[in-house]
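Here's a quick briefing on one protein chain. Have a look at the structure first, then go through the notes below.

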Amino acid sequence: MSSIDDIDKYRAPALDKGLDILELLAGTVEGLSQAEMAKALDRTPNEIYRMLDRLVRRDYVRRTPEDRYELTLKLFELAHMAPPVARLVAQSMPVLRTFARDSQQAIHMVIHDRNILVVVAQVDSPGYWNVSIRVGSRVGMVNTGSGHVFLAYASAEDRRLMLEDPVTRKLNPISRELEARLQLVRERGYESMQSRQVVGVTNLSVPIFGPLGSVTAVLTCPYTQRLDAPEAPGQQQTLELLQIAGGAVSERHRLVVG
């Protein structure tokens with residue numbers, strides 16, 4: 001009987017407004033205008049303006065030259081300091097460095113937070129040529145190898161949340177082609193797909209399993225054929241090295257969390 005009353009009793013309207021704005025911006029790629037945020041949150045433009053001013057001054061949000069607002073990396077940096085993520089990255093880095101050395105390819109780790117994928121660790125290849133993605137970058141859910149692995153292993157409810165539009169709350173449907181692809185990923189335990197962002201790159205992705213068997217992170221290697229290093233491992237051998245790395249990180253993750 002008291003649950004709703006307790007929630008109302010301890011409400012903090014100003015904090016709620018700020019969190020609403022942060023959560024809304026977290027689900028957008030190109031940012032939003034003040035008017036768009038006011039409409040999406042059913043708030044007055046004046047309410048949004050005052051809260052945005054504070055968030056900009058505290059460096060959680062930045063104003064673009066196009067007069068739109070987007071998140072800075074401050075929230076990512078704060079989350080990265082959280083013990084679970086920090087421990088996972090710390091335990092994984094030796095494995096990632098070993099993979100990069102042996103495969104002569106770059107590698108990065110992606111975690112999932114609701115419908116957002118974020119790169120939390122990255123190691124360059126030891127050579128001059130390298131295809132990498134910056135730590136803190138967001139990657140797509142349905143058009144990347146990392147996203148395919150998360151979706152493939154997700155429960156029906158988790159998948160629904162991953163595909164839900166953060167603004168409209170509407171579900172983005174999965175095509176039959178993608179559904180079949182996700183089934184294949186789960187059956188073979190990895191994704192291997194041509195990058196939809198960079199020509200000539202094949203994204204190889206494997207899951208990192210937590211102690212309860214769920215996928216808590218994904219390792220992805222943006223594989224490129226090394227014409228300057230014919231002795232470098234080929235794509236199949238690189239995939240095998242990546243699977244070994246995924247198993248090693250999963251084992252370390254289970255031991256640390258457990």
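Two residues are in contact when they have heavy atoms within 4.5 Å of each other. Keep in mind that this is a predicted model. Mean pLDDT for the protein is 86, with 90% of residues at 70 or more.

- Where pLDDT is low, the predicted coordinates should not be read in detail.

**Helix 6**
- Helix 6 covers residues 83-103, 21 residues in total, and its first and last C-alpha atoms are 30 Å apart, close to the expected 30 Å.
- There's a kink of about 40 degrees at M93, shortly before the proline P94.
- Its buried residues are V85, L88, V89, S92, M93, V95, L96, F99, A100 and S103.

- A100 sits in helix 6, and it counts as buried because its relative accessible area is 1%, against a cut-off of under 20%.
- Setting aside residues up to four places away in sequence, A100 touches Q105, V123, D124, S125 and P126.
- One of those, S125, is 25 residues from A100 in sequence, yet their C-alpha atoms are 5.1 Å apart.

**The cores**
- The largest nonpolar core has 45 residues, and M37, V61 and L219 touch the most other members.
- Helix 6 is the top contributor to this core, giving eight residues.
- Apart from that core lies another, of 18 residues, including M141, V149, A152 and Y153.
- Beyond its neighbours within four places in sequence, M37 contacts I21, L24, L25, L32, I48, L52 and Y69.

**Helix 9**
- Helix 9 (residues 176-188) has 13 residues, so at 1.5 Å a residue it should span 18 Å; its end C-alpha atoms are 19 Å apart, which agrees.
- L178, L182 and V185 are buried in helix 9. They share one side of helix 9, because they cover an arc of only 55 degrees around the axis.
- An α-helix has 3.6 residues a turn, so residues three or four places apart point the same way.
- Covering the buried residues of helix 9 are, among others, helix 7 (145-153), helix 8 (156-162) and strand 6 (191-194).
- On the face turned away from the buried side, R176, E177 and E187 are exposed.
- G189 follows helix 9, with a positive phi near 85 degrees.

Definitions and conventions. Residues are numbered from 1 along each chain as its sequence is written. This is a predicted model: local features need pLDDT of at least 70, side-chain atom pairs count only at pLDDT 80 or more; totals for chains, interfaces and linings use all residues. Side-chain values use heavy atoms; hydrogens and water are left out. Helices (H or I, at least four residues) and strands (E, at least two) are DSSP runs, numbered from the N terminus. The expected span of a helix is 1.5 Å times one less than its number of residues. The bend at a residue is the angle between axes fitted to the seven residues ending there and the seven starting there. Buried means under 20% relative accessible area, exposed over 50%, partly exposed in between (1.4 Å probe, protein chains only). A nonpolar core is a set of buried Ala, Val, Leu, Ile, Met, Phe, Trp, Tyr and Cys residues joined through side-chain atoms within 4.5 Å. pLDDT is the predictor's confidence in each residue, from 0 to 100. The arc is that of the directions from the helix axis to the C-beta atoms.
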